[in-house]
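Here's a quick briefing to read with the model open beside you.

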Amino acid sequence: MKSIRVWGWSVWLALGGAAAAQPQQPSAQPQQEDDSLAGVMKDYRAVQRANIEKQEKSPPPAGVSLPLVTEDELVGFVDRCWKIYDRSEGEPEEFDSLRQILTLASSSGVAGPKLEQHWRDAAEKLFSDFVDDDRMAELVVRTPAPTKLVREANACCEGVKAKTTNLNVKAAFAYKALQSDLSSNSQGALNDAQQQALVGKLEELGRQFGPQKVPFGAVTYAEFVKNTIFAIERLKVGAVAPDIAANDLDGVAFKLSDYRGKVVMLDFWGYW
Amino acid sequence: MFPHERSLVERLKDAPFALVGVNSDADLVEQKPKLKEERITWRSFWNGPEGTSGPISSAWNVSGWPTLYLIDHEGKIRQKYVGSPGDEVLDRELDLLVSAAKQAAAPKPVGTE
C-alpha cells in the first residue's frame, strides 16, 4: 500500500500538481536495464516484492501456495546472467554469473525443466572451467541445486575433488566432510568417544590446511580448529563457562564472571 | 525475540538473574538509536567491528543467530540453544535455574543464638 501512495504522490508532483487532470495510470516506463549482476539481483528482488504485494491484495485460495517468482520470470533473469557471462571472459563476472545462474535456477518450488536445463548448462561450465579457482571452495561446500538435481550437483563436486590442485578447494572438501559430525555435535548428539574422534579429525584438518581460509568466514582453518575444539571441550553442558572480558556498547569493560551467583542468559544477538 | 527478552528482564528483575548480550552488529553508531527504540536495557558485550566474525562469537564458535546459553549461579553451562527454543521452554528452564540459585543463596538455618 505504502509504495502505491508514494507513487501516486510523485506522479501528481511530476504532472504539475492539481493542474494535471489526467487519470493517473501506471504507464510502462521504458527503464534503462542495469546490465550488471547486481542490477539483475536488484530487479529480481523488485519482482519478488511486487508479487508479494499482489498476493497480499488477492490471496490465492486456501491451501495453494504460489511461488514468489515464476519460472518464466526466473528464466528472464537467468538469460540476463548468460549475457553477462558471454561478455566477461577472464573477468570475475565470468564465474559469478554462472554461480548466479545456479542460485536462480535453484529457487525452491519453482524449478521446472527450463530452469533445470539452465542449471545443467551453467554447472557444466563452472565445474570444468574453474576447478582450480579459489571461489570454488565456497561453491563445493554449498552448491545451490534444484531438488531434482541434488545428485547431479554432488557428482559435479566429486569431479572437482578429483581434479583440483588448489589448496583452498582441497581444504573445502576436507571441511565439508566434517559438517555432519559438527552439526551432530552442536546438537549435543555425540557421546564422549565420538567427540574424541571428532577432535582427532579436526586436528588433522588443522595440520593439513592451517593457513587456508575457511569458506564463508574470516578465520583460517588453524583458528577454526582451535575454536571448535575449545567449543567441544569447554562449551559443553556441565562445563564452567569460559570467561568473557570485553567492552559493552558504551565502551565500558566488564566480565561475564561479574555475574557469578546469578543465573545468566547469554544471548548472541544483533540487528543487522 | 526482543519482546520476550524484555518481559524476562521485567519478570525476573528481583531474582538472581541477568540477561547478558553479545551484540554482533559491526556498526555501533548505526544501531545505538535502535536500542532505545526497542527498549533494550540489558548490557551487551560488543563483538567488535568484524560483526558476526568478531572475537567473542568466534571463540564461542557461534554458528547460528541467536545462540543462547543458560549459565547457572556457579557459572556452569546448563543449556545451549542455537535459535530460540521458544518462550515457554526458556521460561521453564530459567525458573528452574533461578530457584536453584535462590536456594544456594538462602542463609543456612542457624541454631540458637
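In chain A, the axes of helix α2 (residues 37-57) and helix α4 (residues 92-105) come within 11 Å and cross at roughly 20°. An angle under 35 degrees counts as roughly parallel, so that is the label for α2(A) against α4(A). Keep in mind that this is a predicted model.

**α2 against α4 in chain A**

- Seen as a crossing, α2(A) passes α4(A) in the left-handed sense.
- On the α2(A) side, the residues that meet α4(A) are A:Leu37, A:Met41 and A:Tyr44.
- Their partners in α4(A) are A:Asp96, A:Ser97, A:Gln100 and A:Leu104.
- Sorted by class, this contact has four nonpolar residues, two polar and one charged.

**α4 against α5 in chain A**

- α4(A) also packs on helix α5 (residues 113-129) of chain A, at an angle of about 150° and with the axes 9 Å apart.
- The α4(A)/α5(A) crossing is left-handed.
- From α4(A), the contact takes in A:Phe95, A:Leu98, A:Arg99, A:Ile101, A:Leu102, A:Leu104 and A:Ala105.
- α5(A) answers with residues including A:Leu115, A:His118, A:Trp119, A:Ala122 and A:Leu126.

**α10 against α11 in chain A**

- α10(A) and α11(A) pack at about 165°, and their axes are 8 Å apart.
- With an angle over 145 degrees counting as roughly antiparallel, that is how α10(A) runs relative to α11(A).
- α10(A) passes α11(A) in a left-handed crossing.
- Among the contact residues of α10(A) are A:Leu198, A:Val199, A:Leu202, A:Leu205 and A:Phe209.
- Across from them, α11(A) contributes A:Tyr221, A:Phe224, A:Val225, A:Thr228, A:Ile229, A:Ile232 and A:Glu233.
- That contact divides into 10 nonpolar, three polar and two charged residues.

**The largest pocket**

- The largest pocket comes in at about 1100 Å³.
- Its lining has 37 residues, and those nearest the centre are A:Tyr175, A:Phe224, B:Asn61, B:Val62 and B:Ser63.
- Elements giving two or more residues to that lining are α9 (179-186), α10 (192-209) and α11 (221-234) from chain A, plus α3 (55-59) and β4 (77-82) from chain B.
- The pocket lining splits into 16 nonpolar, 17 polar and four charged residues.
- A:Phe224 is one of the residues nearest the pocket centre, and it is also part of the α10(A)/α11(A) contact.

**The largest cavity**

- A search of the whole structure turns up one cavity of 30 Å³ or more.
- The largest cavity holds about 30 Å³ of space.
- B:Trp60, B:Asn61, B:Val62, B:Ser63, B:Thr67, B:Tyr69, B:Lys80 and B:Val82 line the cavity.
- In chain B, β3 and β4 are the elements that give two or more residues to the cavity lining.
- By class, the cavity lining has four nonpolar, three polar and one charged.

**Backbone details in chain B**

- The peptide bond from B:Trp65 to B:Pro66 is cis, with omega near -5°.
- B:Pro66 sits in the loop between α3 and β3 (67-71) of chain B.
- B:Asn61 is in the loop between α3 and β3 of chain B as well.
- Phi of B:Asn61 is near 55°, a positive value in a residue other than glycine.
- B:Asn61 lines the largest cavity and is listed among the residues nearest the centre of the largest pocket.

How values were computed. Residues are numbered from 1 along each chain as its sequence is written. Chains are lettered from A and ligands numbered from 1 in the order in which they are written. This is a predicted model: local features need pLDDT of at least 70, side-chain atom pairs count only at pLDDT 80 or more; totals for chains, interfaces and linings use all residues. Side-chain values use heavy atoms; hydrogens and water are left out. On a 1 Å grid over the protein atoms alone, a cavity is a set of points where a 1.4 Å probe fits but cannot get out, and a pocket is an open set with protein on both sides within 12 Å along at least five of seven lines; lining residues have an atom within 4 Å of a point. Grid points are joined across faces, edges and corners, and a volume is the space filled by probe spheres set on the points. Helices (H or I, at least four residues) and strands (E, at least two) are DSSP runs, numbered from the N terminus. Ala, Val, Leu, Ile, Met, Phe, Trp, Tyr, Cys and Pro count as nonpolar, Asp, Glu, Lys and Arg as charged, and the others, Gly among them, as polar. Axes are lines fitted to C-alpha atoms, for helices over the stretch in contact, and angles run from 0 to 180 degrees between N-to-C directions. Angles under 35 degrees count as roughly parallel, over 145 as roughly antiparallel, 65 to 115 as roughly perpendicular and the rest as oblique. A crossing is left-handed if the near helix is turned anticlockwise from the far one by less than a right angle, and right-handed if clockwise. Contact means heavy atoms within 4.5 Å.
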